[in-house]
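Subject: Structure for you to look at

Hello,

Here is the structure I said I would pass on. Please open it beside this message and follow along residue by residue.

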Amino acid sequence: MNLFKLSGYLSVALGIACCACLINPFYLFFALLFAIIGFIFSTINIYLNTKYEITKKAFSLGYIGMILSSVPVIFLLVLIIRGN
């Protein structure tokens, strides 16, 4: 498996893991940790897709991983704004 496919699958898996950690707000630290690592792998995937034009589809797995990895950050911002 090449780096492109591996980074795409890892970004989606880490995005799902960080969203699953948000079930309990006590695990927010782990959700943010998974989100940072997911952002790294999704950035690698998007960069490789853009550089080599590997997929001819409209989007790659890196975009899905980046959307999923941004959920804990948005959740943290909502918690800060609400004051809880």
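Below is what was found in it, starting with the whole chain and ending with single residues.

Please keep in mind that this is a predicted model.

The chain as a whole

The chain contains 4 helices and 0 strands. Going along the sequence, the pattern reads α-α-α-α. The C-alpha trace spans about 45 × 20 × 15 Å along its principal axes. The chain has 84 residues, and 29% of them count as buried. Its exposed surface comes to about 5,600 Å², with carbon and sulfur atoms supplying 76% of that area. Among the contacts with a separation of 6 or more, 68% are between residues 24 or more positions apart.

Helix α3 and its buried face

Helix α3 covers residues 61–69, and Gly62, Gly65 and Ser69 are buried in it. Where do these buried residues fall around the axis of α3? Viewed down that axis, they lie within an arc of 60°, so they line one face of the helix. Which helices do the buried residues of α3 pack against? They pack against α1, α2 and α4.

Ser69 belongs to helix α3. Is Ser69 buried or exposed? Its relative accessibility is 0%, and because buried means under 20%, Ser69 counts as buried. Apart from its neighbours within four places in sequence, Ser69 is in contact with Ser11, Gly15, Cys18, Ala35, Gly38 and Phe39.

Ser11 sits in helix α1. Ser11 also has 0% relative accessibility, so it counts as buried. With neighbours within four places in sequence left aside, the contacts of Ser11 are Gly38, Phe41, Ser42, Leu61, Gly62, Gly65 and Ser69. Gly62, Gly65 and Ser69 are the buried residues of α3 named above, and Ser11 is in contact with each of them. Gly38 is listed as a contact of Ser11 and as a contact of Ser69.

The aromatic residues and the nonpolar patch

Now look at the stretch where α1 gives way to α2. Phe26 is in the loop between α1 (3–20) and α2 (28–52). Phe26 has a relative accessibility of 66%, and because exposed means over 50%, Phe26 counts as exposed.

How many aromatic pairs are there? The count is 3 aromatic pairs. One of them joins Phe26 and Tyr27, which form an edge-to-face pair with 5.6 Å centre to centre and 65° between the planes. Another, between Tyr27 and Phe30, is tilted, with 6.3 Å centre to centre and 50° between the planes. Tyr27 is partly exposed at 38% relative accessibility, and Phe30 is partly exposed at 39%. Phe26, Tyr27, Phe29 and Phe30 make up one aromatic cluster.

Those four residues are also part of a nonpolar surface patch.

Helix α4

Helix α4 covers residues 71–82, and Ile81 is found in it. At 73% relative accessibility, Ile81 counts as exposed. The C-alpha atoms of Ile81 and Cys19 are separated by 20 Å, and these residues are 62 places apart along the chain.

Val78 also lies in helix α4. Is Val78 buried, exposed or partly exposed? Val78 has a relative accessibility of 41%, so it counts as partly exposed. Val78 and Ser60 are 18 residues apart along the chain, and their C-alpha atoms are separated by 28 Å.

What to look at

When you go through the model, begin with the face of α3 that holds Gly62, Gly65 and Ser69, then find Ser11 in α1.

Regards

How values were computed
Residues numbered from 1 in each chain as written. Predicted model: local features only at pLDDT ≥ 70, side-chain atom pairs only at ≥ 80, totals over all residues. Heavy atoms only, no water. Helix = DSSP H or I, 4+ residues; strand = E, 2+ residues; numbered from the N terminus. Buried < 20%, exposed > 50% of the residue type's maximum accessible area, 1.4 Å probe, protein only. Contact = heavy atoms within 4.5 Å. Areas by Shrake-Rupley, 256 points an atom, 1.4 Å probe, with all protein chains shown as cover. Patch = residues over 30% accessible without salt bridge, like charges linked within 9 Å, V, L, I, M, F, W, Y side chains within 5 Å. Salt bridge = Lys/Arg side-chain N within 4 Å of Asp/Glu carboxyl O. Arc of directions from axis to C-beta. Phe/Tyr/Trp six-rings, centres within 6.5 Å; stacked < 30°, edge-to-face > 60°.
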